[in-house]
Amino acid sequence: WNARIGVAQSKLDYWLSTISILAPDSPVILVATHIDERAPDLNIPQYRADYPQIVDVLSVSSKTGADIDELKRTIAKHAAILPLMGQPWPISWVEVEHELVVSSEHHINAHAYMDLCVAKGVHVRLAQGTLRSYLHDLGKILCFHDDPILKDIVILKPNWVTKAISMVLEDEATKSNGILVHAELARIWAHDERGWRYDPALYPIFLRLMERFDLCYQIDPLLSWGHTAHSLIPQLLPYQPPSLLPTWTPEQKKAGKVHVEMTYHLGFVPAGIMSRFIVRTHLYTCNLHWREGVVLSYQDHFARVELLPRYNQLHIEAWGVEPRTFLVILKETMDLILARFEGLQVRREVPCICHQHTEQDQPCREAYRYEEDLVKRLNKGVETIQCRESFREVVVRDLLYGIHVSTAPQVQHTIVAAGQQEIMRRLDVIQYNGDLMLSNSDVLLQRLSQLCEWNVRQFTRQWNLEMQKMEAECPNTFLLIPSSRRRFNPKHWFNHKYKLFLMCQYPSKPHLIRDSEGYDLHRTKDWWLKISPWLKHLIKFLENSLENGLPISYEVSDLIPDKEKYKQVNQQVELLKQIAQEAASDSTGLAERFYSGGFEQNIGPAIRALHSFLKEVDPNQYWDGLQKVVAEDGNIFWLCEEHARPYQVRPLQL
């Protein structure tokens, strides 16, 4: 920090706070510069108390170089005791690192990197895995082997990329409205720091890196057949919100719509959280955004997310016929962004709903801490909390309704019980009147649709993330159909031959894959016993989906499921139930023989058994064309080509 301009001008507290939330375990050496012009004026005991990471406080002369050697010794002393220091590396790894660091090239292709590793004696598997990850994490190189645009390049000079990106962020024309015009890239990236012209082939690389760093996203063209010609850079947007933003009104409540919200209280506001959020949620854009806020829409629902830096607050609100699904998507996305800041103190609050019981127009001003007041109470079996404003007892599950996974049974009961009978009646009408279509504005159907999506998202989040941890990732939602017309015999259930049909996990409408031939399934009794714990969870998910407005269909294009298909799917679910019941009741179940914890605890072996089966019957892992997609909130879905398309990386086309 610059002693000449002082603590405040040097933003000392801002930078120390930023370090403490990004790297709470990193030692900090505080160095005052320009001490010849002004002596350091710093309350050292107070700073040490506020920031325990400070391990040394030094002063150096920027004019004479006095005490620079002491600074070097101090850096070396503290660096030497960092956790990874002294960890032995193979000589071949050290040689690869040295060659990459001393290279005069800014970047090389992935094949050149592999050739260097092989020449130095590094095994191909280690070169592609552990060594590459180490070098990337240490900042020696940048490589993104999982990205279709970046997978073939290895960047040797990360600062070279930083400079190219800064040219965009500092471009006056782009700064005026936050819109990057792709046609201007040739002007912006005309010359690098050495005066050399950037190769136009690098433009897609640089833009994709900006997207990976959550700095921008490509704006859809006005014409569906056109190429994207612009990108939005949220951190350059104006501070002033657009005029005429959609808002929640009492009239919407009278129309049967619901308003939900959540407030984040932050110990410190990290730079860039709002721009990251706008980039990650651009699939829901209404083109209504400003520097510290955005309005989004999804399936006739709206949401407003706004950062209030003066109060260290971030507010999320959503409204529509069943807005909790949308709120959870946005909440999980924000939680994922904030999780990057390990040392950040975050408190989430949910507003009180006691006024709904008294039918007052003005909402209650009370708010409850999400984790401490509500989730913790629920985990302890406490079902109510007293409002400090009205002194009424409020049901905790009502406050968490649809927001926390523990309220799943309540969500299912409330809406399914009200809507299932009506849906079946309408299906009967559709059978006799092919011209009858259900209105898109039908409140009941919208609620059931949102409930179905909530169910799918909770299911996929719970189990796909578990599969990722076990490195056994594969599609895990399926139906079984007997290969023969022979009547199902419970006594010989494991001897039957089946067809396994994978399903697209599209949240709004999970469905079987059109024209799929399925996979032949004929396994031993032990295999069935091992996989049976997974079948139990899968059955529960499928049953809930069937009850929630019959979303499962055979074709992506189905707008309204017909009754015959419903019956067929229901029969297949019943078959799964019979198999799971027989497996669970088998006295020689693998759960009891080999695993502690009983039948319920053996999801891990079940998932591995499914993964092994699918790899065996489909060695190329085509899996009916299902693609792994990581959504904006970190959830993992296995989607068909049509539903995976919005998540696919789009190369820059000039």
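Which residue in S2 is the bridge partner of Val 28? In S2, that partner is Ile 54. Strand S1 (residues 28-32) and strand S2 (residues 54-59) pair in the parallel sense, over 5 bridges. Pairing takes at least two bridges found by DSSP; helices (H or I, at least four residues) and strands (E, at least two) are DSSP runs, numbered from the N terminus. From S1 the chain passes through helix H3 (residues 44-50) to S2, a right-handed β-α-β crossover. Right-handed means that, with the strands pointing away from the viewer, the path from the first strand over the helix to the second runs clockwise.

A word on the source. This is a predicted model, where local features need pLDDT of at least 70 and side-chain atom pairs count only at pLDDT 80 or more, while totals for chains, interfaces and linings use all residues. Residues are numbered from 1 along each chain as its sequence is written, and side-chain values use heavy atoms, without hydrogens and water.

Now the salt bridges. The whole structure has 32 of them, each a side-chain nitrogen of Lys or Arg within 4 Å of a carboxyl oxygen of Asp or Glu.

One joins Arg 348 to Asp 335, with the closest N and O atoms 3.0 Å apart. Arg 348 is in strand S13 (residues 346-351) and Asp 335 in helix H15 (residues 324-338), 13 residues apart. Arg 348 is buried at 13% relative accessibility; buried means under 20% relative accessible area, exposed over 50%, partly exposed in between (1.4 Å probe, protein chains only).

Another joins Glu 389 and Arg 365, at 3.2 Å from N to O. Glu 389 is partly exposed at 41%, and Arg 365 is exposed at 71%.
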